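Dear colleague,

Please find the structure below for your records.

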Amino acid sequence: MKKYSSKRSIQILANLLQQYGISDVVISPGSRNAPLAIHFSEIDHFNCFSIVDERSAAFVALGMAKSEKKPVAITCTSGSATVNYYPAVTEAFYQNVPLLILTADRPTDYVDIFDGQTIRQNAIFHQHSYGDFQLLEDSKENAEDFNFETIKKAIELCFEKQGPVHINIPLEEPLYDLVSELPTFPTVEKTIKKREYEIPSNLVADWNTSQRIMILVGTKDHSPELENQLSQLVKNHSVVVLSEANSNLYHEKFFRFIDRYIFNFTDEDYKKYAPDLLITVGQNVVSKKVKQFLRKARPKQHWHLDEVWQPDTYFSLTEKIEVKPELFFSKLLKFINLEPRPYFNLWDVLRDKKDAKHEKFLNMVEFSDFYFFNKASQTIPENYNIHFSNSSAIRYAQLFDFGKRKMYCNRGTSGIDGSTSAAMGFAIKSPNPTLLITGDLSFFYDINGLWNQYIPPFVRIIIFNNGEGNIFKIIPGPGNANPNTLDEFIATKHHKNAEHLAKHFGFSYTKVEDDRTLDRVLDNFFKPDNQPKVLEINTHGTNSADVLKGYFEFMKES
């Protein structure tokens, strides 16, 4: 016989989650949130996942939400457990990933009286959430009606904003009283808002009179609708579309390798290639080079398309268009002239020149991180979703053609924490296999991402281990530090490898230290197996930072 929590607030919460179709719940162990764990796990509607480390658990949920494109709930006990959600909450906030944060708490009267595991939890995420709500204890007057309306409002906000929303749940003891039957709940009237949009005539006029139109797409899930719309714009060479590795756009006329093209520009180049109308789509842009270019170019007009965020990233924003890009372009395409513009041909000549240089360098490059990324881009099966860790990994990915594989990275806050956990969460809910390509520091920093029992056997992890945070040997600035300071406190040199960790968490493990071995094992690495796999590529003996710098020096040459 099933047993449910007797807590009325939890019964209401579970029922409303069901009515709104939220079924995935990531649970971290604890006593104060035991009523939630007991209740959710007894209801067939819910898929419950036990993840011990709250920081990892929240990133796992973030990966699940990205995979399924719908809200995922997370729940933990009170106190510092709640605070451990914060890194993933900030990532979800800036990436617009819907997380419903359910934190159990002591009764409100217990705050600041030195009761165990009690901190100021109410609105703790307020700077990085789209809504902060606190329920009433069951014993409080009008608690049932208040909690019903509060939970409903929180869930709808999570759907509308597609971002994190927090519900704090004070719970009085006893926590483990159970019932065998649940009351009947009313059917909720859903009031999630849908936006309508009609394009202003002045925007159509501005488009038709602009001669140098650039569309820059940042971090975005693959959208066949958007791809089709942008394809219509480039078909006749009407616009220049710049995209990145994790923009997930694939048309051959899009300029997909920004960092091959935009660097070492002179003042004359800035004038030559600058747009007069810039339209930006999606979330954060990885390329620092394109940010520098557009900030210096200062286009006359800059429109940004997003339902939530309107950032003035390039200090030239003139139109905040609060609508889905797909809806905007569907309206725009009905009215604009799709005439050829010389601006596209200007960029196309630059592309041909730089792509040819890129291919020449590939024929010369020796075993290094750069060599690995080129090899990986040619070898990974097309049905894989690829997740990149932050710092070096996603920057290398910008330079290579990974075909039509879907690519992801935690670029909301661009931190290394949670890269592994988010990838594993994505893999748990995805029908296609998932590959994580990660640097060594990102991997070792988030090893608890492997501490869960739900990782599918078709997960693959490739670690390129250069023995340090090599990004600090690549970007300008850190090289000015004392070499000992740089190695110990910034790049953090080490001699660790992942062999024992991989085996401890049930992954098969292979190590590579040269190009011939890499070429030999890479195809086999992706073949089906009964357990997930880790491939560690040891590039300690090569100076990968100098190889990458050499690449950009080579690309400068005329």
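Lys69 is exposed, with a relative accessibility of 51%; here buried means under 20% relative accessible area, exposed over 50% and partly exposed in between, computed with a 1.4 Å probe on protein chains only. Although Lys69 is not a glycine, its phi is positive, at about 55 degrees. Lys69 belongs to the loop between α3 (54-68) and β4 (72-76), where helices (H or I, at least four residues) and strands (E, at least two) are DSSP runs numbered from the N terminus.

The model is predicted: local features need pLDDT of at least 70, side-chain atom pairs count only at pLDDT 80 or more, and totals for chains, interfaces and linings use all residues. Residues are numbered from 1 along each chain as its sequence is written, and side-chain values use heavy atoms, with hydrogens and water left out.

Phe315 is likewise not a glycine and has a positive phi of about 55 degrees. Phe315 is found in the loop between β12 (301-305) and β13 (319-321) and is partly exposed, at 48% relative accessible area. A further backbone feature is the cis peptide bond from Glu173 to Pro174, with omega near 5 degrees. Pro174 is in the loop between β7 (165-170) and β8 (178-179).

Turning to the aromatic side chains, the search of the whole structure finds 38 aromatic pairs. Rings of Phe, Tyr and Trp (its six-membered ring) pair if their centres lie within 6.5 Å; planes under 30 degrees apart count as stacked, over 60 as edge-to-face and the rest as tilted. Among these pairs, Phe370 and Phe400 are edge-to-face, at 5.0 Å centre to centre with 70 degrees between the planes. This pair links distant parts of the chain, 30 residues apart: Phe370 in helix α14 (residues 369-379) and Phe400 in the loop between α15 (392-397) and β15 (407-409). Phe370 is buried at 0% relative accessibility, and Phe400 is buried at 4%.

Phe370 also forms a tilted pair with Tyr551, at 4.9 Å centre to centre and 45 degrees between the planes. Tyr551 lies in helix α22 (residues 544-556), 181 residues from Phe370, and both residues are buried.

Elsewhere, ring pairs join Phe255, Tyr261, Phe265, Tyr270, Tyr273, Phe293, Phe344 and Trp347 into a cluster.

Finally, the charged end of Lys289 sits over the ring of Phe552, 4.3 Å from its centre; this requires NZ of Lys or CZ of Arg within 6 Å of the ring centre and within 35 degrees of the ring normal. Lys357 lies over the face of Phe554, 3.9 Å from the ring centre.

Yours sincerely
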